[in-house]
Amino acid sequence: MLSSILYLCDPTPEGLFTVMHHAWHSDDAVMGIVSSQPAQIDLFTRVVPITSDARAAQEVMTLLQKKLGMGSVRNMALCWLSELPGCGRNILDYAELGLRYGRRLDGMEANPVVRALHAKVSRVTFEVHRLSGLLRFRSAQNGYCATVEPDHNILSLLAPVFVPRMGECRWCIHDTRRGIWAVYDKELFYTDTAPEFALARVDPIEKLWKEYYDTIAIEGRFNPDCQKRLMPRRYWKNLVEDPQGAAAKYLRDYHAAT
Amino acid sequence: MDLMEKLKILGDSAKYDASCASSGSAGRGGSFGKTAVPGLCHTWSADGRCVSLLKVLMTNKCMYHCAYCVNSALRDCPRAEFTPRELCDLTVAFYKRNYVEGLFLSSGIAVSPNRTMANMVETVRLLRAEGFGGYVHMKSIPGADRALLDEAALLCDRMSVNIELPSQKSLLALAPDKSAKAILDPMGYVAGQIFERRDPRAAHQPPPYAPAGQSTQLIVGATPESDRSILRLSEALYRKYALKRVYFSAFMPVVAHPLLPGIKQPPLLREHRLYQADWLMRFYGFSAEEILDDAHPQLDEQLDPKCAWALRNPQFFPVDVATAPLGALLRVPGIGQISARRILSARRYGGLTLEDVKRCGTVMKRAQYFITCRGRAPGIGASANTLRAALLGGASALPSFASQVSLFDPPPGAAFPQLQLVSEVPHAVQYPVSL
Ligand code: SF4
């Protein structure tokens, strides 16, 4: 049949590398890889679901690592976690180039495939960096609990950041968009159910932080546009402080003073 | 007075310090808390500034009379003081909720420099005793004993002393209780100690001593010094004291004083241009003298300093992107650290086209007037006036103050050619920097 294949697999790197194993062992034309059922497909596309297979994935990773180097394998995994449209196809093209050029791949900065993949990787690592700062732990029954709603599937990259930071207390991070939890209770693990300590409670420290936050803007430098550019609105709802309120309060004080 | 009141007063009076960076420390370990090498912003305040550290004063009960300062004894305002225990607990509570990377502790000078600094040191000692391994930045208090400086440097990641006024004359007039010597002395001492302890061959690595180095701040626009003298002073500070950062703070008239200009708005654009020039000195191999000379003592407000330099120095252009060394690429307007490295890397794999140069992240709107590529020279030959007009078109509007941390700290992982910073740090404290 004259059709091309769209592989459907789970959103983890293991899913991705399993699919690559399939793609390499099949003669069909591969259109791309997705981690959720596409809303629309045309007549000539066949969606083929693939179940993750640790051994197949490992085989592919070992091969790629040998030929392209660890950095490129990591880039593919990060690009996959971006969940951006076209990331699957981009990875396949990148891997193919890599098999041709080997370890020189990531130096080919002017190549459109390489540039496109690097751009997706940057978005992922940037969001990890950004959320490492913007994430807020709230005091829970017996530990701390945070809620995030990241654009990219970064929980597995974000949670390890907090292991050395939080010490021995219990904590969890909930990715509400994907319904997954990272939980730290003596060790870090991932689950799709809320841990039992994750019940928020009233925390007087939050009030101190809010007041502090409202105090620290300097008169004469008011610049809410800049504030928004550096801290996009979609991240605000999980903060403790209130950027909008702080800006409004600033303006009120300003008008009262002049 | 309750904690909320204290936090408001002591946060409010500390906010004029421009520095909030939490970068550059390898950290010292601890049972919780860790420093991030590239630094980390936790939120942005309504003025667009990155908030990385809990920035407060130990006390604002200052007995000195610096004319430009909100905490000066001359002012009538509410005063407060933290106890070391209060501040330690507050820092831990904020850190565990991921509000901040750590503590930035400054202070007014109450009772005596030693008493003040001892309280600050005690706060950090408590923090470290709790197991806190996060970032701490502490101001050295001019006039405090060296033993206290040592204690502080062994506990903190970064130390700093604000010079504030860029000349001896201005200091005398506006900060009558502090001499230039008292300000530079702790800076020179800590620089010397950092240098002495840095011995890569040592069998036992000594305990970290201010591992994130030192910084300072200069107020811009309160006194008549030119941009040129400010840049020259900064350059000298980088060279002689191996400072990690010199911050500029546009003068914000908070107190009226006959010797201070009666401006309404802080000179933010000037401050921004100085940061850009500082960036050129630190990461692009420019010297202060190249950026500004006798004929040009002030930075061009309309053009960024790199464009302004390029316009004044046509003899260096055009640069051939296919063959030019890194240093020459970095001097092209529109090519930054990242795009320059990408160009170097990309041209190893075949002839570069103009399209490739663009794909490497070059801003062609500016670069086109200064480069050639395979004999093609898209914008070369434009008249000086056209050039200026074209560059102005591409110049950004008043940029964000917050660029301080996000734009001006090197992107993580980038290998920058550091300036010739640390060759000669004074052992005995001299005053090679003339204020
Ligand atoms: S010593 Fe420091 S806090 Fe005191 S008035 Fe001078 S600048 Fe302000």
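A salt bridge is taken here as a side-chain nitrogen of Lys or Arg within 4 Å of a carboxyl oxygen of Asp or Glu. In the predicted model, B:Glu101 and A:Arg165 form such a pair, with their closest N and O atoms 2.7 Å apart. Five salt bridges are found by this rule across the interface of chain A and chain B. Over all chains, the structure holds 38 salt bridges.

The interface between the two chains was then examined as a whole. Chain A contributes 50 residues to the contact and chain B contributes 59 residues. About 4,700 Å² is buried between chain A and chain B, and carbon and sulfur atoms give 61% of this area. On the side of chain A, the residues that lose the most area to chain B are A:Arg165, A:Tyr212 and A:Arg221, which together account for 18% of what that side buries.

Polar contacts between chain A and chain B number 25 residue pairs, counted where both residues have pLDDT 80 or more. The side of chain A that touches chain B draws two or more residues from each of helix H5 (112-134), helix H6 (155-166), helix H7 (204-215), helix H8 (224-230) and helix H9 (243-257) of chain A. Of these elements, H7(A) gives the most, with nine residues. By class, this side of chain A has 27 nonpolar, 10 polar and 13 charged residues.

Within chain A, a salt bridge joins A:Glu241 to A:Arg136, the closest N and O atoms being 2.8 Å apart. A:Glu241 lies in the loop between H8 and H9 of chain A, and A:Arg136 lies in the loop between H5 and strand S4 (138-140) of chain A, so the pair ties together parts that are 105 residues apart in sequence.

Helix packing in chain A was examined for one pair. The axes of helix H1 (residues 13-24) of chain A and helix H4 (residues 87-101) of chain A come within 12 Å and cross at roughly 65°. The crossing of H1(A) past H4(A) is right-handed. From H1(A), A:Leu16, A:Met20 and A:Trp24 meet A:Ile91, A:Leu92, A:Ala95 and A:Leu99 of H4(A). The residues of this contact comprise seven nonpolar, no polar and no charged.

Notes: Residues numbered from 1 in each chain as written. Chains lettered and ligands numbered in written order. Predicted model: local features only at pLDDT ≥ 70, side-chain atom pairs only at ≥ 80, totals over all residues. Heavy atoms only, no water. Contact = heavy atoms within 4.5 Å. Buried area = accessible area lost by both parts, 1.4 Å probe. Polar contact = N/O pair within 3.5 Å; in protein donor to acceptor, adjacent residues only side chain to side chain. Helix = DSSP H or I, 4+ residues; strand = E, 2+ residues; numbered from the N terminus. Nonpolar A, V, L, I, M, F, W, Y, C, P; charged D, E, K, R; others polar. Axes fitted to C-alpha atoms, helices over the stretch in contact; angles between N-to-C directions. Left-handed = near helix turned anticlockwise from the far one by under 90°.
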